[in-house]
Amino acid sequence: MATTLSPPRILPSGDAAITVEFSRNIDDTANQRVLALDRVLADEQVAGVTETVPTYRSLLVHYDPVVIDFDALGAKLVDMAQRPVPPVTKTRRWRIPVSYGGEHGIDLEDVARTLTTTPDDIVARHVAGDYRVAMIGFTPGWSYLSGLEKFLHMPRRQNPRLLTPAGTVSVGGVQTGIQCLAGPSGWHLLGRTPVRTYQLHRNPTFLLEPGDCITFFAIDAKAFAEQDRAAEAGEIIAELIAS
Amino acid sequence: MSKLVISAIGPASSVQDGGRPGAQRYGLTPSGAMDRLALAAANVLVGNAPFAAAIEIGPFGAAFTARDGAVRVALAGAPRSADAAGRAATFDTSMTLADGETLTLGFARGGAFSYLAIEGGIAGEPMFGSLAVNARAGLGSPYPRPLQAGDELQAKAASGAAERRIELPPALDGPIRVVMGPQDDEFDDDAKARFLASEWKVSATSDRMGYRLEGPVIKDLHGHNIVSDGTVDGSIQVPGNGAPIVLMRDRGTSGGYPKIATVISADIGRFAQIPAGKAFRIRAVGMQEAQAEARRFAGLLQSLPDRVGGIDNFDLNIEALRDANVAGSAVSAVDIGTWQTPSADALAQD
């Protein structure tokens, strides 16, 4: 089989992990290749590989150097990464409710002003987007989504906030995202979702997988309060649409 | 069932074990003991699996009291003064606290983290296979947060087994070894040379997420963040202010700062034990050397149960020798005397 794909860069992340880098930028094609290599590794179970972490542009492969060394694993990963990207057979698609603006999205009006439009237009554009979970990282359940329309791209805040609420849906740079736990953020807060992407005593604990498709729909603050209570009790609020 | 009551404890002390790898793709960091060798040494002394949960004690003092029965424990890691109900307690040695007895520990000396393992391990509800505390994610058992005075850990009643001692190889000294990358190409030769040639100190603002380094400013070439990618224990990321941060067990699973180098896995525990303010140096090694060290370290961890033996306790030996003498053996009381010359103070007290 002819290899038509360029080889990724094999970068050492210490002696027990390899960063397989497909691009230095946020790049949809690179992310597809990351997710494809991740699937190949899940299917083929290379001895010594302990865990993989997909990101926008690279796949971090954790391994046990007692079982396999850097050169051997690196060569294997280059080979696997150059196989044609297999078609995705099943994609999960989620509809996720968001209460936009007001106390739930304190930056919505500022974002509208900066982009010289109305808050309603920002919401309409954000719910019209077709997003994909490019990576989950930093803290449990923090889901970084690709597919934000160019109009909504905005530089991050000069001064990151030290504490933003759980469930925050925000935009930063070319990305939008769902933050599960309260924590620091330099992004612009558009709204909040009652959906828990991570909830300890629920099955599944982690709702989303890298590669899942996401659309948002607007709910009002009253619906948010009701759904937030249900979600707290362990109910999965997000709607899973069969693909 | 006995229990160990935390009578007093400083910050940065929590239940830790081998951690919970496997969910980093969901943003869940593995956590686990900062110094795995010390954790494992404490555990094998009381017959536990090497990476069973134990108490990780931060740089400040602590006190633990046995209740409802005796509790057998062992201390390893950063040395500090240790007093068990008036008896001097030794590191790398198991001991039994009788019901009501308190083990009192001072500040860490020449290190940061000590480990107190409890015979039978710590009773708790594992989450993703681990009791390790990750306070941000609300994980950890029996308490999903650092330990506080008044906390109680259920323990099995002490077995009454003979106390044991572990012989560890001398602690490595010398520079902390790193493998360059994955983003060392974001730094010019000057910055890399300065990184490797300078003396560094661990900042007092460090924690289980990351150790901030104090030293020269290391500027990256492009002066802006990279697109977030995955991190490992020991990733050395350099934010815009030029002050490197070494990511530790409670790190974020991804990060957007360029990573100039990575501490080798065999040196992370040793690095974690560098106290705030103490100077150290960094040395780059090749991948072959780093992986040879990883294998050597894995071999050391595996050898720990074989390094446990009976206690060579002076008092016990003297007893044995006296008994032997009484029984008419060749060892004389004079010989015993030369083993243990009483100090002038002790004589004065007599």
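Author: Residues are numbered from 1 along each chain as its sequence is written, and chains are lettered from A and ligands numbered from 1 in the order in which they are written. Because this is a predicted model, local features need pLDDT of at least 70 and side-chain atom pairs count only at pLDDT 80 or more, while totals for chains, interfaces and linings use all residues.

Reader: What makes up the secondary structure of chain A?

Author: Chain A has five helices and 14 strands. Helices (H or I, at least four residues) and strands (E, at least two) are DSSP runs, numbered from the N terminus.

Reader: Why is chain A called as compact as a globular protein of that length?

Author: The radius of gyration is taken over C-alpha atoms, and the globule rule is 2.2 Å times the number of residues to the power 0.38. For 243 residues that rule gives 18 Å, and chain A has 19 Å, which is close; it is therefore as compact as a globular protein of that length. Along the principal axes, its C-alpha atoms fill a box of roughly 55 × 40 × 35 Å.

Reader: What share of each chain counts as buried?

Author: A residue is buried if 20 or more other C-beta atoms lie within 10 Å of its own, exposed if 12 or fewer, and partly exposed in between, with C-beta atoms placed from the backbone. By that test, buried residues make up 46% of the 243 residues in chain A, and 46% of the 350 residues of chain B.

Reader: Why are the buried residues of helix 4 of chain A said to line one face?

Author: Helix 4 (residues 119-128) of chain A has Ile122(A), Val123(A) and His126(A) as its buried residues. The arc is that of the directions from the helix axis to the C-beta atoms. Here the buried residues fall within an arc of 95°, so they line one face of the helix. Their cover includes strand 5 (93-100), helix 3 (108-114), strand 12 (188-192) and strand 13 (213-219) of chain A.

Reader: How do you know that the span of helix 5 of chain A is close to the expected one?

Author: The expected span is 1.5 Å times one less than the number of residues. Helix 5 (residues 221-232) of chain A has twelve residues, with 16 Å expected, and reaches 16 Å from its first C-alpha to its last. Gly234(A), with a positive phi near 105°, follows this helix.

Reader: How do you know that strand 17 and strand 18 of chain B pair?

Author: Two strands pair if DSSP finds at least two bridges between them. Strand 17 (residues 235-237) and strand 18 (residues 245-247) of chain B have two bridges, in the antiparallel sense. Within this pair, Gln237(B) has Ile245(B) as its bridge partner.

Reader: Why are strand 21 and strand 22 of chain B placed at the edges?

Author: Eight strands of chain B form an open sheet of mixed pairing, in the order 21-14-15-18-17-20-13-22. Strand 21 (279-280) and strand 22 (282-284) each have a single partner strand, so one side of each is left without a neighbour in the sheet.

Reader: What makes up the contact of the two chains?

Author: Two residues are in contact if their C-beta atoms, placed from the backbone, lie within 7 Å. The contact takes 34 residues from chain B and 38 residues from chain A. On the side of chain B, the largest share, six residues, comes from helix 4 of chain B. By class, that side has 15 nonpolar, 15 polar and four charged residues; Ala, Val, Leu, Ile, Met, Phe, Trp, Tyr, Cys and Pro count as nonpolar, Asp, Glu, Lys and Arg as charged, and the others, Gly among them, as polar.
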